[in-house]
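Student: Could we go through this protein together? I would like to start with how its parts are arranged.

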Amino acid sequence: MSVPFQRWPDELAAHYRARGYWLDLPLTRILDAQVLRRPEAPAIFCGERMFTYGDVERLSSNLAARLAERGLGAGDTALVHLPNVAEFYVVFFALLKAGIAPLNALFSHRRLEMTAYAEQIRPRLLIGARQNPLFGDDRFVDMLKAASPGLETVLFLGGEDAPTSLEAWTGEPAGEDLSFRPTAADEVAFFQLSGGSTGTPKLIPRTHNDYDYSVRASAEICGLDETTRFLCALPAPHNFPLSSPGTLGVFHAGGSVVMAPNPDPAICFDLIERHGVDMAALVPSAVTLWLQAAKADAGKLKSLKLVQVGGANFSESHARQVPDAFGCRLQQVFGMAEGLVNYTRLDDADERVFTTQGRPISEDDEIRILSEDGRPVPNGSPGMLATRGPYTVRGYFEAPEHNATVFDAEGFYYSGDLVIRDAAGYLKVVGRVKDQINRGGEKIATEEIENLIQRHPGVRLAALVAIDDPLLGEKSCAFVVASDPALKPLALRRHLAALGVADYKLPDRFRFVDALPLTPIGKTDKKALRAALAEPA
Ligand code: J2J
């Protein structure tokens, strides 16, 4: 049994192997390598706790063994909902060891997202945290079980009850029979989340081979080694802090990860000082907060050597401030959970680091920049980004119709970004053609929220557009055509909250209008709506 996905064509797979990108080893080799070399070295600092590589190995093997005993293994999936704590990685490696493909939901995801994920992957295992209101009692678990009948095993971090306590399952020594094993390296290792632009969030199947290559190559580009101390302050499941080179890159290099609950400088600066953190990955909105805080507190940042910024548009003026304000180098990162990641290089000239979002990881990342009618545009002109390569997926999970719209016949993925390429192959992100809002790095698929608003009986039509925001880059505004003239924003907020949607997706503003403007082909004219935002309400 294995999780179905769209494979790379044989010739390309052979090429990726011949070039040494695909090693045919499971992702668990990242941990195995350190356990052999330096089991006593610190892998994770989490609050007052420290986990060595040996600890992560032991705890994850215990859990893997118990899950295997339960009959869980290859072909099975798990829905995981954990905050930024060390157990996130213990669980991740345990599931990989047992051949169970996890989907790591964001901790901010709520009932609606979790249900949609469960419907898609039909998990046999759920791992949550009692501290999250979703799992304060068993009501939501019972709903999930009703929706996905295969869901038999449920474990909780912070669970009091031994049979369902994650700590009990990781803490109890495994028996002699360690008969669990990862899936084959060219099979799905886990699911990554897509930012998406559609009504239901799409899932991205990542294989061991492709993901491991992106992690190894990223660790090399970023110069990680055993001395690296990386601050993980973005949500741990995000592709950026997980793999670019992120926590997995740090484990690959034998360094240490310092967990932060979020990027708040009041928390992060103390962690940096206390642990001698030398590297952090941030979204632009977090950099804005850090720049403010560094005016008073730069003394705490002495150990920082590299700050990576990515996930959303980063203004050149802020980019230029980073080196002096934080006393470190800047690296821009433009990536996507579907695959392709671009970095400015550590030895690039400052101008390039300040003004571009980097170039691809691999010589075998194929990039096309295309006009709206699909023709290549010359360097220096904006066009749509299309890409394929050794770690860019060939399709979303069980989404043939959507795949037909964002992958072409040659397997190129259309990211929906407008970019400009220069003669040296560096990319600059200048806009977007996908209908998505990038709220401080968190992606919102407008269609998802529009559909939810339209489920309110007092609403005829809704359209979600981006508003510029000085801190987050973008916020969201919902234009609503109401059938009930008395409808108020508060009622719509309550409606969305009652549907169980994550807070970051709730519209920041509502505007009631008599009708939505249309384009000549009859689609909602979002440009006109954005222009209307510039006028007083
Ligand atoms: C502008 N837009 C950017 C950037 C991503 C590393 C870094 C980021 C992500 C990520 C990632 C941007 N400037 N520097 O997975 O491994 C927008 C683009 C892109 C989308 C992908 C990684 N960096 N973006 O952000 O899957 O629109 O991945 O297509 O969350 O974020 O979002 P996501």
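**Domains, ligand and backbone**

Tutor: In this predicted model, the C-alpha centres of domain 1 and domain 2 are 28 Å apart.

Student: Which residues make up domain 1, domain 2 and domain 3?

Tutor: The domain assignment gives domain 1 as 28-44 + 53-181, domain 2 as 216-432 and domain 3 as 436-533.

Student: How many residues of domain 1 and domain 2 are in contact?

Tutor: On the side of domain 1 there are 22 residues in contact with 26 residues of domain 2. The two domains bury about 1,900 Å² between them, and 57% of that area is on carbon and sulfur atoms.

Student: Which residues in domain 1 lose the most area to domain 2?

Tutor: They are Ile30, Asn84 and Tyr89, which together account for 32% of what the side of domain 1 buries.

Student: And how many salt bridges are found across this interface of domain 1 and domain 2?

Tutor: The rule finds three salt bridges there. Separately, Arg37 forms a salt bridge with Glu226, and their closest N and O atoms are 2.2 Å apart. Between domain 1 and domain 2, eleven residue pairs are in polar contact.

Student: Which helices and strands supply the side of domain 1 that touches domain 2?

Tutor: Helix H2 (29-37), strand S1 (42-46), helix H4 (87-98) and helix H5 (111-121) each supply at least two residues of that side. By type, the residues of the side of domain 1 that touches domain 2 are 14 nonpolar, four polar and four charged.

Student: Changing topic: which residues around the ligand come nearest?

Tutor: There are 19 residues around the ligand, and the nearest of them are Ser244, Val333, Ala337, Asp417 and Lys434.

Student: What does Asp417 place by an oxygen atom of the ligand?

Tutor: Asp417 has a polar side-chain atom 2.5 Å from a ligand oxygen atom. Ala337 instead has a backbone N or O atom 2.9 Å from an oxygen atom of the ligand. For Asn239, an N or O atom in the side chain is 3.0 Å from a ligand oxygen.

Student: Back to Ser244: is the peptide bond from Ser244 to Pro245 cis or trans?

Tutor: That bond is cis, with omega near -20 degrees. Pro245 is in the loop between helix H9 (239-243) and helix H10 (246-253).

Definitions and conventions
Residues numbered from 1 in each chain as written. Predicted model: local features only at pLDDT ≥ 70, side-chain atom pairs only at ≥ 80, totals over all residues. Heavy atoms only, no water. Domains from an automatic or database assignment. Contact = heavy atoms within 4.5 Å. Buried area = accessible area lost by both parts, 1.4 Å probe. Salt bridge = Lys/Arg side-chain N within 4 Å of Asp/Glu carboxyl O. Polar contact = N/O pair within 3.5 Å; in protein donor to acceptor, adjacent residues only side chain to side chain. Helix = DSSP H or I, 4+ residues; strand = E, 2+ residues; numbered from the N terminus. Nonpolar A, V, L, I, M, F, W, Y, C, P; charged D, E, K, R; others polar. Near = heavy atom within 4 Å.
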